[in-house]
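Biologist: Could you walk me through this one? I would like to go helix by helix and then look at the ligand.

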Amino acid sequence: MEYSYWEHKHWFEKQDIVIVGAGLTGTLSAIAIKKKFPNRKVAVIEAHPIPRGASTKNAGFACFATIGEILDDLSTTSENKVIETISLRYSGLSLLKELVPSVSMLYSGNGGCELFNTSHEYDKCIDKLDYVNSLIQEATGLSNCLSKVKIEDSGVGNRTSQLYKSAIFNNNEGSLNPVKLIKQLNHIAINLGVSFHYGLKVNSYNAENDKVYVDVNGMELICQELIFCTNAFAQDHFPQEDIKPARNIVLVSVPHDDVLQGNYHCEQGYIYFRNIENRLLIGGARNINLLAESTSKFGFNPEIESFLKEFAHSKLGLKNLQFPYKWSGIIATGQSKFPIIKKVENHVYTAVRMGGMGVAISSAVAQQVADLIEL
Ligand SMILES: Cc1cc2nc3c(=O)[nH]c(=O)nc-3n(C[C@H](O)[C@H](O)[C@H](O)COP(=O)(O)OP(=O)(O)OC[C@H]3O[C@@H](n4cnc5c(N)ncnc54)[C@H](O)[C@@H]3O)c2cc1C
């Protein structure tokens, strides 16, 4: 494509810091960096007209600790790493709540509830409840964060005949509206002086001496520091990193008079559901076909879609519920649950691999990447 003199001069003028990706991590990193260097030029380059990864396609859970997932993690990871993971999520959520007023992101601190299919699964968790609460306390300072609840008091009501009769509740979690959140963050960033460029893809870069030459849609953009906040798509530029894309499917129902209220997880967090006003949002279940869902391609898996509908029908008692909205989003996973926040070479950084908890951790990750940058 040819660019005009004005476009060369003003759209592609030299920047101090360029961030690739306008999802939660990119936008929050731009805010943290602009606050650190208010007089420097900071630009965010996004390949699509609106962010297209996970940040506006997620389920909007603001969560940090579910016992099933923690016990699962403890079977493969050290206690210290598990505490660190919980701490990162909790501190990220605290930073986010400081930055964005609850009303602007429709945050509701209505808790999070873990449900179980069998008494065996539930009993395993109850046996370890005090121990897990002590780990959470070490990570967050919160005492007795998780507690037992009867299913009829959990918000699911009596319809859950096929779920176990008791659940475990985290009173300190909540939910939010991801698009309201990103719009608000965008507004904060623009007010600080960050510029956003949508529909421009970073193809490649070349770091030489004290500059980075970035190919943006065939046009050269020069900057001093380049930060990739491209999550699952970071594979394109950093194939050597342990970044495994994973697709997640979400369905949202028609309004229903008897829809459950609250935020729920099941099966180590693989299945999640909540209400959006009087609609049911249900998603996940990629564990039923992990191989097929290990992809960065958006799209649907009919097997998972049917499974989620059947779950709503048989486990939540919402028979014949119609789901007019469905979509997929791409998360980034790896052997470790920690994001990759590092300098990959002189003047080039990554803040990627946010797992299934990017809403929770992105503010803390943004702060960490801002701390790495020295001009
Ligand atoms: C269905 C689903 C449900 C989820 N639910 C939750 C939840 O309830 N709670 C929670 O905490 N987390 C949840 N997550 C995870 C969370 O949404 C992500 O971890 C988080 O949004 C990641 O943000 P990000 O900015 O790092 O990445 P992304 O949102 O993927 O943003 C990366 C951006 O980079 C852009 N990009 C990529 N390559 C280039 C390039 N070469 N040039 C320019 N731009 C580029 C992409 O277009 C994209 O907009 C969920 C994720 C999904 C998919």
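This is a predicted model: local features need pLDDT of at least 70, side-chain atom pairs count only at pLDDT 80 or more; totals for chains, interfaces and linings use all residues.

Biologist: Switching to α9, which of its residues are buried?

Modeller: In α9 the buried residues are I304, L308, F311 and A312, and they sit on the same side of the helix because the arc they cover around the axis is only 95°. They pack against β12, β14 and β15, whereas the face turned away from that buried side carries the exposed residues P302, E303, S306 and E310.

Biologist: Why does S306 count as exposed?

Modeller: S306 has 12 other C-beta atoms within 10 Å, and a residue is exposed if that number is 12 or fewer, so S306 falls in the exposed class. S306 lies in α9, which spans residues 302–315, and its C-alpha is separated by 29 Å from that of N110, 196 residues apart along the chain.

Biologist: What follows α9?

Modeller: α9 is followed by G317, whose phi is positive, near 70°.

Biologist: Where do you see a positive phi at a residue that is not a glycine?

Modeller: L106 is one of them, with a positive phi of about 50°, and E277 also has a positive phi of about 50°. L106 is found in the loop between α4 and β4, while E277 is in the loop between β14 and β15.

Biologist: How do L106 and E277 come out, exposed or partly exposed?

Modeller: L106 counts as partly exposed, with 15 C-beta neighbours inside 10 Å, whereas E277 is exposed, with 7 other C-beta atoms within 10 Å.

Biologist: On to the ligand: which residues come nearest?

Modeller: Of the 41 residues around the ligand, G21, G23, G53, G329 and G358 come nearest. The elements that give two or more residues to this shell are α2, β2, β12, β16 and α10, and the largest share, four residues, comes from α10.

Biologist: How does that shell divide into nonpolar, polar and charged residues?

Modeller: The shell has 20 nonpolar, 17 polar and four charged residues.

Biologist: Last topic: in the largest nonpolar core, which residues touch the most other members?

Modeller: Of the 108 residues in that core, V18, V214, I227 and A351 touch the most other members, and the largest share of the core, eight residues, comes from α10. In soluble globular proteins, nonpolar side chains tend to be buried together.

Biologist: What does I227 touch?

Modeller: Not counting residues up to four places away in sequence, I227 touches I17, I19, V20, S29, Y349, A351 and V369.

Notes
Residues are numbered from 1 along each chain as its sequence is written. A residue is near a molecule or strand if its C-beta atom, placed from the backbone, lies within 6 Å of it. Ala, Val, Leu, Ile, Met, Phe, Trp, Tyr, Cys and Pro count as nonpolar, Asp, Glu, Lys and Arg as charged, and the others, Gly among them, as polar. A residue is buried if 20 or more other C-beta atoms lie within 10 Å of its own, exposed if 12 or fewer, and partly exposed in between; C-beta atoms are placed from the backbone. A nonpolar core is a set of buried Ala, Val, Leu, Ile, Met, Phe, Trp, Tyr and Cys residues joined through C-beta atoms within 7 Å. Two residues are in contact if their C-beta atoms, placed from the backbone, lie within 7 Å. The arc is that of the directions from the helix axis to the C-beta atoms.
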